[in-house]
Amino acid sequence: MSSQLSQKLTQLLKDAPKPLHMHEPTFDKAEQKYALECIETGWVSSAGSYVERFSNDLQEFTGAYAIPTVNGTAALHLAFKMAGVEHGQEVFCPSITFVATANAISYCGAIPHFLDNSDGNFLYNIRSLRDYLKVNFEIKDGSLINKNTNRIVKVLCVTHIFGFPAQMDELLELCSEFKLILVEDAAESLGSYYKGKHTGNFGLISATSFNGNKILTTGGGGAVLTPDPELAEKAKHLSTTARVADPYSHSHDEIGYNYRMPNINAALGCAQLEKLPEFLVKKRKMAEVYLKQLGGINEGYLLTDDPDTKSNNWLHSMVLESEKSRNALIDELKAANIHCRGVWKPMHTLPMYKDNPRMDCTKSEALASKTINLPSSPDLIDYISEAA
Ligand SMILES: *Cc1c(COP(=O)(O)O)cnc(C)c1O
């Protein structure tokens, strides 16, 4: 017996080309033209005009300085470095996030300290977080110290899950109270705004991603975002092997990274960014259709914006009653050639992070186990009949 929800979804998505994947890229002639130009001129790699242009276009769109990188994970690694994360420190991050958030912390030799993010749209509960910090941490010589491990915690990272902006005002207040630097994992939130300001402008330094399944793709790619021009310069320097300009020789002034986005990827990015406003409109329409069609169903609820947020609707998501009903829905949709997925396993349940310091994350575990991501490609709306 299939559920009312799976019947509704199968009916709603009946005209979409199958197999239907969760999020597919949308390309047209512009991507072909720009990429071909890179191939024809030979400017495919780390030098070339598209990288500079993509950086500028991103800045214009987001309002933050943007340094294009090879992927979002590399951008996160740079962001944590630039925020001052050091070997042996702990860094706060969500228990429910993509593994790259925790991995990038680990690349700095630091230890991810997981926080429950099971409130609303996968948000931290500020009150529980404040209580947790008050009980388990103390401020000594201007630094926050974990009383149980004696380690310094300098940075709090928040992920704007599925494109829904976190509650930035409250988080910034909490960070200032506990001497923490805010870093945003804005990998999923290009085109998402909190109180009218684009995500990536709130933290000291942040990262976004242009992986193949993100709202905008460069094949592989990412960017460091920051409102601070000096940090932006420094991030660019670190991402380009810390090379110093010298007409006569190769020289580098510190241990840098080869993280600069290649020109051919940036060419795709420039073409995609031209279409981003249209993607955002289409995805918003699809969010409205899902809400109209599924909003009244009592088998689960859709994640939606609150008055302070304007999400990019990257992945339309639903929280079901249980893990069992979530998994059953995935199976039923698969039978109709509609491929959906559950959310990531919480970080503290992964083998490499199971012993990490964390607050009680039982609520995160429960939420993650019953959440499903629905088909969310920008073009999906084109296949929804008016009758829907
Ligand atoms: C996609 C993503 C990243 C980075 O991804 P890359 O594949 O390295 O570009 C980081 N964090 C989150 C939450 C993501 O969704």
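**Exercise 1. A nonpolar patch**

Leu36 belongs to helix H2 (residues 29–41), where helices (H or I, at least four residues) and strands (E, at least two) are DSSP runs numbered from the N terminus. The model is predicted: local features need pLDDT of at least 70, side-chain atom pairs count only at pLDDT 80 or more, and totals for chains, interfaces and linings use all residues. Residues are numbered from 1 along each chain as its sequence is written, and side-chain values use heavy atoms, with hydrogens and water left out.

Task: determine which residues make the nonpolar surface patch of about 250 Å².

Solution. Step 1: Leu36 has a relative accessible area of 45% and is partly exposed; buried means under 20%, exposed over 50%, and partly exposed in between (1.4 Å probe, protein chains only). Step 2: patches take residues with over 30% relative accessible area and no salt bridge, joining like charges within 9 Å and nonpolar side chains (Val, Leu, Ile, Met, Phe, Trp, Tyr) within 5 Å. Areas come from the Shrake-Rupley method with a 1.4 Å probe, and for residues only the protein chains shown count as cover. A salt bridge places a side-chain nitrogen of Lys or Arg within 4 Å of a carboxyl oxygen of Asp or Glu. Step 3: the patch is made by Leu36, Ile39 and Val44.

**Exercise 2. A negative patch**

Task: identify the residues that form the negative surface patch.

Solution. Step 1: Glu170 is found in helix H7 (residues 168–177). Step 2: Glu170 is partly exposed, at 36% relative accessibility. Step 3: Glu170, Glu173, Asp306 and Asp308 together form the patch.

**Exercise 3. Strand S14 in its sheet**

Solution. Step 2: S12 (residues 300–302) is joined to S14 by three bridges, with Gly300 opposite Leu320 and Tyr301 opposite Val319. Step 3: three bridges also join S14 to S16 (residues 371–373), and Met318 has Ile372 as its bridge partner there.

**Exercise 4. A loop residue**

Task: state where Asn201 lies and whether Asn201 is buried or exposed.

Solution. Step 1: Asn201 lies in the loop between S9 (197–198) and S10 (205–209). Step 2: with a relative accessible area of 11%, Asn201 is buried.

Terms used
Pairing = 2+ DSSP bridges. Lys, Arg positive; Asp, Glu negative; His and termini not counted. Charge placed at Lys NZ, Arg CZ, Asp CG, Glu CD.
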